[in-house]
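Please read them beside the coordinates.

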Amino acid sequence: MFLLYFLGFEEPENLQQLNVRIKKPKKDVAYYGRLVIRQGFHFLKVMGCDTQSLRIIHSSDTHGWLWGDPHIPQINAGFAGILAFMRQQRILNPETFVFDSGDFIMGNGLSDADTDVPIGQFVYQMWDKALKADHYYDAITLGNHDLMLEDSLKYLLFKSDVATSSTTTNEWYKNEDKNPGERWRIIKNGNLTTLVAGFMYNFNSQDPLVVKDFKAVFDQDQKFKTLLQNEKPDFITILIHAGYHQHPENAYFMYQGIRQYTDCPVLVLGGHEHQTAYDYKISTALINGRLKWYHREVNTKWEGIFTDTYDKNFVYAETKNYFRALSLIDIQFESQKSPNGSKIIKSVKFTEQITNLDELAKLSNKQTKTFLNPFEQQLNSTIQAEVKRLDLLTVIGKAPMNYIMLNPNYLTDQSSIWNLWFTQMVPMILYPSGKLTNKTVHFLGTSFFPSDIVKGDVLKNDYYLTIPYTQEFFVIYRDVKAADLKLCFSQMNKKSAIEGFMKYFDLPVIITIEDSEILDVVCTDYDGTRLNAKFKEHSMEYTHESFGSLSPFDIYKQYVLQYFQ
């Protein structure tokens with residue numbers, strides 16, 4: 001700002017205004033200063049100085065939340081306000097990069113409520129507009145929810161530009177040597193260049209895509225090595241739809257893969273777990289401990305970037321779900337480069353910025369009422385009109401209390417959403433929907449409840465928020481020996497997790513069952529697949545059949561209509 005003031009004008013409202021100003025014929029010192037800025041704010045580079053900082057803006061797991069959160073009034077920026085913030089931040093700092101790590105649909109009525117079209121169609125249309133309209137996002141990748149529904153995936157691939165605008169390094173068309181998006185992407189903003197990859201964890205996609213194992217990419221993909229050599233990026237950005245709390249080894253594996261070839265900064269931006277995460281100055285010994293399983297180890301021979309305990313040039317971050325927050329990552333570089341010529345990170349500042357419109361405008365030095373440009377205003381109007389058309393704010397019930405998803409006492413505490421499921425919804429709604437002959441056991445995987453149930457009004461939109469699984473169904477294994485189930489279940493439940501968010505939720509219940517009991521085991525088809533694999537592993541001959549006709553979504557909806565009135 002001091003430089004701009006010295007050259008004779010205040011900060012421009014936008015680039016168009018800046019272009020108008022520098023057309024003035026008077027060729028004084030201020031004129032030439034403006035000309036430098038018009039050419040890309042390269043004044044510092046022209047003077048022989050190197051860029052010493054950058055800002056990263058990151059989002060993930062937005063799941064159709066384009067209109068704020070009616071249960072959290074301060075989360076009100078919506079997609080349009082968030083885009084306005086990104087646009088303004090680029091004006092303030094040309095070395096701003098904006099990324100998203102996937103899962104654009106499933107979890108909001110804007111995505112799921114219109115049953116006449118593929119799930120997610122409207123949401124993809126809004127992202128299409130944003131990706132075409134202006135320089136908002138630099139790179140995005142896809143998540144598992146973008147790949148799990150056949151009709152939605154076909155819309156995404158063949159009727160939307162979201163897939164082609166994505167970076168999809170390990171997603172391929174079956175039997176074809178091509179990706180749905182770009183495999184690698186070079187992004188240049190201001191004086192900085194980044195090489196971007198986009199990864200999906202090992203997931204069984206619907207046709208016509210296949211997700212390849214990402215572990216071989218950096219060693220086998222010649223394009224990565226060619227871009228690294230020819231483009232000489234200032235930093236590498238890895239977008240990965242995989243979480244850090246349960247599986248940090250995914251990020252570590254990619255980091256060490258890159259470190260075999262370069263010492264430049266590596267920024268891994270994750271998603272999938274819906275939680276904020278930030279990690280810097282990560283112990284190299286800890287990373288190598290996690291990588292022992294893969295017989296890999298970090299290459300620490302690069303001079304200038306390693307301390308006795310960590311790599312200065314490795315940062316991990318992950319962003320809260322539903323556009324409730326953005327991750328702002330401000331990186332300062334040292335004045336000296338490494339012997340290999342790479343930038344060295346001096347410091348990192350991580351901010352979890354809630355998406356409140358007033359706050360975003362203030363951070364951009366703007367007034368709220370003039371924050372959105374005409375495109376953003378029109379986009380917001382389109383989104384609000386769809387909310388109204390789908391009646392998403394209609395009250396359909398009253399929750400008597402808050403039911404918390406991340407509750408450490410997930411089974412015993414009545415304020416736990418899992419307790420509500422196991423003690424109320426399952427016995428009252430699920431079990432009567434099918435035939436049972438033995439003592440019944442039910443277990444459930446983690447992805448079921450992505451959010452809390454808020455005390456008070458239950459809105460139509462909350463159906464799609466609380467259990468966004470309309471195409472999942474239940475199966476039953478009959479006449480199962482309790483001893484067999486306990487053995488298989490204990491092996492399925494080995495993964496640790498963040499507090500209150502375990503892999504399977506009724507382990508204490510199953511442990512207390514007598515080995516000699518004969519059980520009916522009810523679970524979703526998703527969990528049933530894992531249980532069936534364990535039965536086969538131990539040569540146990542159990543088969544399953546469909547149970548009832550309700551989806552998890554149906555169960556929650558019926559419970560609200562019967563008991564939340």
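The points below go from overall counts to sheets, helices and backbone details.

1. Basis. This is a predicted model, in which local features need pLDDT of at least 70, side-chain atom pairs count only at pLDDT 80 or more, and totals for chains, interfaces and linings use all residues. Residues are numbered from 1 along each chain as its sequence is written, and side-chain values use heavy atoms, with hydrogens and water left out.

2. Overall counts. The protein has 21 helices and 19 strands, where helices (H or I, at least four residues) and strands (E, at least two) are DSSP runs numbered from the N terminus. Of its 565 residues, 57% count as buried; buried means under 20% relative accessible area, exposed over 50%, and partly exposed in between, with a 1.4 Å probe and protein chains only. Among contacts with a separation of 6 or more, 78% come from residues 24 or more positions apart, a contact being heavy atoms within 4.5 Å.

3. The sheet of 6 strands. This open sheet has the order β5-β6-β8-β9-β11-β10 and mixed pairing; two strands pair if DSSP finds at least two bridges between them. Its edge strands, each pairing on one side only, are β5 (184-189) and β10 (277-280). Neighbouring strands are turned by 20° against each other on average, direction ignored. For this and later angles, axes are lines fitted to C-alpha atoms, for helices over the stretch in contact, and angles run from 0 to 180 degrees between N-to-C directions.

4. β10 and β11 (residues 314-318) run antiparallel and are joined by 4 bridges. Within this pairing, aspartate 279 is opposite tyrosine 316 of β11. Helix α11 (residues 222-231) packs on the sheet, where it touches β5, β6 (192-200) and β8 (235-241), and its direction makes about 20° with that of β5.

5. The sheet of 4 strands. A further open sheet with mixed pairing has the order β15-β18-β17-β19. From one strand to the next, the twist averages 30°. Inside the sheet, β17 (residues 474-481) and β18 (residues 518-524) run antiparallel with 6 bridges between them, and tyrosine 477 stands opposite valine 521 in β18.

6. Helix α16 (residues 417-430) packs on it and touches β15, β17 and β18, with its direction at about 120° to that of β15. Helix α20 (residues 525-537) also packs on the sheet, touching β17, β18 and β19; its direction makes about 130° with that of β18.

7. Strand β12. Which strands does β12 pair with? β12 is joined to β1 (residues 53-59) by 6 bridges and to β13 (residues 345-354) by 9 bridges. Both pairings are antiparallel. Isoleucine 56 faces isoleucine 329 in β12, while serine 327 stands opposite glutamate 352 in β13. β12 (residues 325-333) is mostly covered, with 8 of its 9 residues buried.

8. Helix pair α7 and α15. Helix α7 (residues 121-133) packs against helix α15 (residues 374-389) at an angle of about 180°, and their axes are 12 Å apart. The two are therefore roughly antiparallel (under 35 degrees counts as roughly parallel, over 145 as roughly antiparallel, 65 to 115 as roughly perpendicular and the rest as oblique). Phe122, Met126, Lys129, Ala130 and Ala133 of α7 meet Phe375, Leu379, Thr382, Ile383 and Glu386 of α15.

9. Helix α12. This helix (residues 248-259) has 12 residues and reaches 17 Å from its first C-alpha to its last, close to the 16 Å expected at 1.5 Å a residue; the expected span is 1.5 Å times one less than the number of residues. It is mostly covered, with 12 of its 12 residues buried, including Glu249 and Arg259.

10. Backbone details to check. Most residues other than glycine have a negative phi, and most peptide bonds are trans. Aspartate 207 and proline 208 are joined by a cis peptide bond with omega of about 10°, and proline 208 lies in the loop between β6 and β7 (209-211). Histidine 63, in the loop between β1 and α5 (78-92), has a positive phi near 50° and is buried at 2% relative accessible area. Methionine 106 has a positive phi of about 70°; methionine 106 lies in the loop between β2 (96-100) and α6 (109-112) and counts as buried at 5% relative accessibility.
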